[in-house]
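Subject: Handover of a structure

Dear colleague,

Please find the structure below, together with its sequence.

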Amino acid sequence: MRTSKFTNSTLAAASAFIAIMAANPAAAQEIEGSGITISGSAALTTDYRFRGVSLSGGDIAIQGSVNLNHDSGFYTGVWASSLEGKLNPYGGTEVDVYAGWAGEVASGVSVDVSLVYYVYPNGIAGADLNYFEPIVKVSGTLGPVDMTVGGSYSWKQDSLGGNDNLYGWVDLAAAIPETPITLKAHLGYTDGALAPPLLAGTLDDTGLDWALGADYAVTDNLTFGVQYTGVEGPSINRFTDDSILATLTFAF
């Protein structure tokens, strides 16, 4: 896997992020009388890793989201990230459009069911790159630890080479009492077209990804996170190699 330089588009994206931060937007806003709340985020990360695999070529990525959340639990939104522009065939942008429902189904147990549509608007012309993925997450607590167990399945689609993809994961988070620090851990398993070993050039279409890290709440809206992440399979520089990531996120 080739390396890449810090591009002009990345510099522009970083400048846009700084502008968003400087604007200091207000907290999530409710549309009066509608039951709808508008929220979002802007983030700057040293590397965009999707389930442990770099989609920004090891370069800085700017990311952001806008969400509409209804009191009933239904929601919809858009999340976007810059990519490595030379990482063919996907181009320089990923846009995820999603909708779903989230809510408590039992005391201390919440469910989140959604459908995500991954879109690559400036990918190679004529290439079928976009794909759908339903996702189910169940969240609860084990003593001081917040736990989320999730699963997703992308059926056979042309963008996945005519194959399907199954992904399951567990996320753990534990706040350190009387500090702004939250410890986090992640373990994921892929079976199908997006398995890290397969993307790295082997014939193995199964593989693990993992991460250990911590978030520091600088303010109520601003969070700085650091994590170590890796995947199973060949280690390709700036693609599937182990990496330490740093992310600054502003939520509003």
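A surface patch is made of residues with over 30% relative accessible area and no salt bridge, where like charges are joined within 9 Å and nonpolar side chains (Val, Leu, Ile, Met, Phe, Trp, Tyr) within 5 Å. A salt bridge is a side-chain nitrogen of Lys or Arg within 4 Å of a carboxyl oxygen of Asp or Glu. Accessible areas come from the Shrake-Rupley method with a 1.4 Å probe, and for residues only the protein chains shown count as cover.

Please note that this is a predicted model, in which local features need pLDDT of at least 70 and side-chain atom pairs count only at pLDDT 80 or more, while totals for chains, interfaces and linings use all residues. Residues are numbered from 1 along each chain as its sequence is written, and side-chain values use heavy atoms, with hydrogens and water left out.

Tyr216, Val218, Phe224, Val226, Tyr228 and Ile244 make a nonpolar surface patch of about 550 Å². Strand S14 (residues 222-231) gives the most to this patch, with three residues; strands are DSSP runs (E, at least two residues), numbered from the N terminus. Val226 is found in S14 and is partly exposed, with a relative accessible area of 35%. The terms are set as follows: buried is under 20% relative accessible area, exposed is over 50%, and partly exposed is in between (1.4 Å probe, protein chains only). Gln227 also has its place in S14, and its relative accessibility of 31% counts as partly exposed. The C-alpha atoms of Gln227 and Ala214 are separated by 6.4 Å, although these residues are 13 apart along the chain.

Gly77, in strand S6 (residues 74-82), is buried, with a relative accessible area of 5%. From C-alpha to C-alpha, Gly77 and Asp96 are 8.3 Å apart in space and 19 residues apart in sequence.

Finally, the second largest pocket is lined by 22 residues, and Leu55, Tyr90, Leu194, Leu199 and Phe239 lie nearest its centre. A pocket is an open set of points on a 1 Å grid over the protein atoms alone, where a 1.4 Å probe fits, with protein on both sides within 12 Å along at least five of seven lines; lining residues have an atom within 4 Å of a point.

Yours sincerely

Technical notes. Helix = DSSP H or I, 4+ residues; strand = E, 2+ residues; numbered from the N terminus.
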